[in-house]
Amino acid sequence: MHLQTRRHGDREKRWGITTNDLPARLSMSNSNRAPVQLLLIEDNPTDAAFVTRLLESNPELPFTVDHVTSLGNALTTLEAADYDVAILDLSLPDADGLESFDQIRAFDARLPVVVFTDEDDENLALAAIESGAQDFMAKGYVTGQMMFR
């Protein structure tokens, strides 16, 4: 597995796998596969439970999901632990729209971020993609197949 180092302030941290490593991880047998470390940043408990259930239901690719409900908590969590990917709601109590994505990206530009938007926020989701988000999912239209692409 290729490990990268990221700098935040004066300290170095080892940062999980790169997105280029995911195909190799998928080809491993289930017994050799380390769980994908995912940070779910979502303030709606129903949406968070739904996403977590979908992720944990896939026997082919194990996930460890850590859930936080605000951007402030996400940044604190990212400071303390390494993640392979984040799913980010673009409507949080302490940040709205691209502000939350921009702050996550400023903290760790290498972390793949999938944005999670309301059904009517397609323009916002596309703006996040243009700013470097890995992908987007619209609430109300998420399926297991979409989650694992």
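This note sets out points on the fold, the core and selected residues of a predicted model.

1. Basis. The model is predicted: local features require pLDDT of at least 70 and side-chain atom pairs count only at pLDDT 80 or more, whereas totals for chains, interfaces and linings use all residues. Residues are numbered from 1 along each chain as its sequence is written, and side-chain values use heavy atoms, with hydrogens and water left out.

2. Overall content. The chain has 6 helices and 9 strands; these are DSSP runs numbered from the N terminus (helices H or I, at least four residues; strands E, at least two). Of its 149 residues, 42% are buried, where buried means under 20% relative accessible area, exposed over 50%, and partly exposed in between (1.4 Å probe, protein chains only). Some 64% of the contacts between residues at least 6 apart in sequence join residues at least 24 apart, a contact being heavy atoms within 4.5 Å.

3. Strand S5. Strand S5 (residues 85-89) is largely enclosed by the rest of the structure, because 5 of its 5 residues are buried. Val 85, Ile 87 and Asp 89 cover one side, and Ala 86 and Leu 88 the other. S5 runs parallel to S3, to which 4 bridges join it, and the bridge partner of Ile 41 in S5 is Leu 88. S5 also pairs with strand S8 (residues 113-117) in the parallel sense over 4 bridges; pairing requires at least two DSSP bridges between the strands. In S8, Phe 116 is the bridge partner of Asp 89.

4. Nonpolar cores. A nonpolar core is a set of buried Ala, Val, Leu, Ile, Met, Phe, Trp, Tyr and Cys residues joined through side-chain atoms within 4.5 Å. The largest holds 21 residues, of which Leu 39, Ile 41, Leu 88, Ile 104, Val 113 and Val 115 touch the most other members. The elements giving two or more residues to this core are S3, H3, S5, helix H4 (98-107), S8 and helix H5 (122-130). A second, separate core has 14 residues, including Ala 48, Phe 63, Val 65 and Ile 87.

5. Helix H3. In helix H3 (residues 71-80), the buried residues are Leu 71, Ala 74, Thr 77 and Leu 78. Seen down the axis, these buried residues fall within an arc of 120°, so they line one face of the helix; the arc is that of the directions from the helix axis to the C-beta atoms. On the other side of H3, Thr 76 and Ala 80 are exposed. Leu 75, also in H3, counts as partly exposed at 23% relative accessibility. Leu 75 touches Gln 103, Ile 104 and Phe 107, not counting residues up to four places away in sequence.

6. Glu 42. Glu 42 lies in the loop between strand S3 (36-41) and helix H2 (45-56), and is buried, with a relative accessible area of 0%. A polar atom of the Glu 42 side chain lies 2.8 Å from the backbone nitrogen of Asn 44. Apart from residues up to four places away in sequence, the residues that Glu 42 touches include His 67, Asp 89, Phe 116 and Lys 139.

Note on methods: Polar contact = N/O pair within 3.5 Å; in protein donor to acceptor, adjacent residues only side chain to side chain.
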